[in-house]
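The exercises below are meant to be worked with the sequence and the coordinates at hand.

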Amino acid sequence: MKKVKIHDKTFQLFIPYEKIRASIELMAEKMNKDLADKNPLFICVLNGSFMFAAELFKRIDLINSEISFVKLASYAGEHTTGNVKQLIGLNEKIEGRTVVVLEDIVDSGITIDNIQDQLKKLKPKEVSVATLLLKPDALIKEVELDYVGLEIPNDFIVGYGLDYDGYGRNLIDIYSVVNE
Ligand SMILES: O=P(O)(O)OC[C@H]1O[C@H](OP(=O)(O)OP(=O)(O)O)[C@H](O)[C@@H]1O
Ligand code: HPA
């Protein structure tokens, strides 16, 4: 079994790249049907989603498609607690658009819930959410997900864009933590 050590933790091979790619191919096929005749704006949530977004977007065969990249930044406003995260980097006009948010993982659901709230305030025509990975047992928010690549158990993972304290994003496969 392939293993990798990052900082203090050991990870073992969990999802090989071929399986990841196959799930993204299926997702792209579905989107190509669902979004035909629309003018979708894909929004990739950095950092973790960059690999997923690249792999998916090159399989979207709708020429009227755009992609943009956003980040959630801690908002250091005077009256905020420090836990509030603000969506930054969004230059496109969202009003009236068909928006598809691209996430690498939905874990507790807090991040995607927050993003959906912020986007809805910008009056899009519709917002759908695509996530490569979902941990159903970790959800603490009720979230509506339109496209889910793979459901996984509630274990910490790295690879294919996902990190452990900055490292591991460059792994082609996904690895899960070994409890020692
Ligand atoms: O469902 P949740 O529990 O909110 O977790 C999911 C979020 O966590 C990760 O982002 P992170 O904040 O680690 O930033 P990164 O993408 O830059 O690694 C991941 O990319 C999702 O955005
Ligand atoms: O399991 C995970 N691994 C890396 N980043 C994450 N962000 C949410 N869940 C995870």
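**Exercise 1.** Which are the buried residues of helix α3 (residues 110–120)?

*Solution.* The model is predicted, so that local features need pLDDT of at least 70 and side-chain atom pairs count only at pLDDT 80 or more, while totals for chains, interfaces and linings use all residues. Residues are numbered from 1 along each chain as its sequence is written, chains are lettered from A and ligands numbered from 1 in the order in which they are written, and side-chain values use heavy atoms, with hydrogens and water left out.

Begin with the helix itself, taking helices (H or I, at least four residues) and strands (E, at least two) as DSSP runs numbered from the N terminus. Then apply the accessibility classes: buried is under 20% relative accessible area, exposed is over 50%, and partly exposed is in between, with a 1.4 Å probe and protein chains only. The buried residues of α3 are Ile112, Asp113, Ile115, Gln116, Gln118 and Leu119.

Next, find their partners: these buried residues pack against β3 (41–46), β4 (66–74), β5 (85–88), β6 (98–106) and β7 (126–134).

**Exercise 2.** Why does Gln116 count as buried, and with which residues is Gln116 in contact, leaving aside neighbours within four places in sequence?

*Solution.* Gln116 counts as buried because its relative accessibility is 9%. With contact taken as heavy atoms within 4.5 Å, Gln116 touches Val129 and Glu144 once those sequence neighbours are left aside.

**Exercise 3.** Which polar atoms of the protein lie 2.6 Å, 2.8 Å and 3.1 Å from an oxygen atom of ligand 1?

*Solution.* First, an N or O atom in the side chain of Asp104 is 2.6 Å from a ligand oxygen. Second, a backbone N or O atom of Asp107 lies 2.8 Å from an oxygen atom of ligand 1. Third, a polar side-chain atom of Arg169 lies 3.1 Å from a ligand oxygen.

Finally, consider which elements contribute: those giving two or more residues to the shell around ligand 1 are β6 and α3, and β6 gives the most, with 4 residues.

**Exercise 4.** Where is the cis peptide bond, and in which loop is Asn47 found?

*Solution.* Most residues other than glycine have a negative phi, and most peptide bonds are trans. Here, a cis bond with omega of about 5° joins Leu46 and Asn47, and Asn47 is found in the loop between β3 and α2 (50–57).

How values were computed:
Polar contact = N/O pair within 3.5 Å; in protein donor to acceptor, adjacent residues only side chain to side chain.
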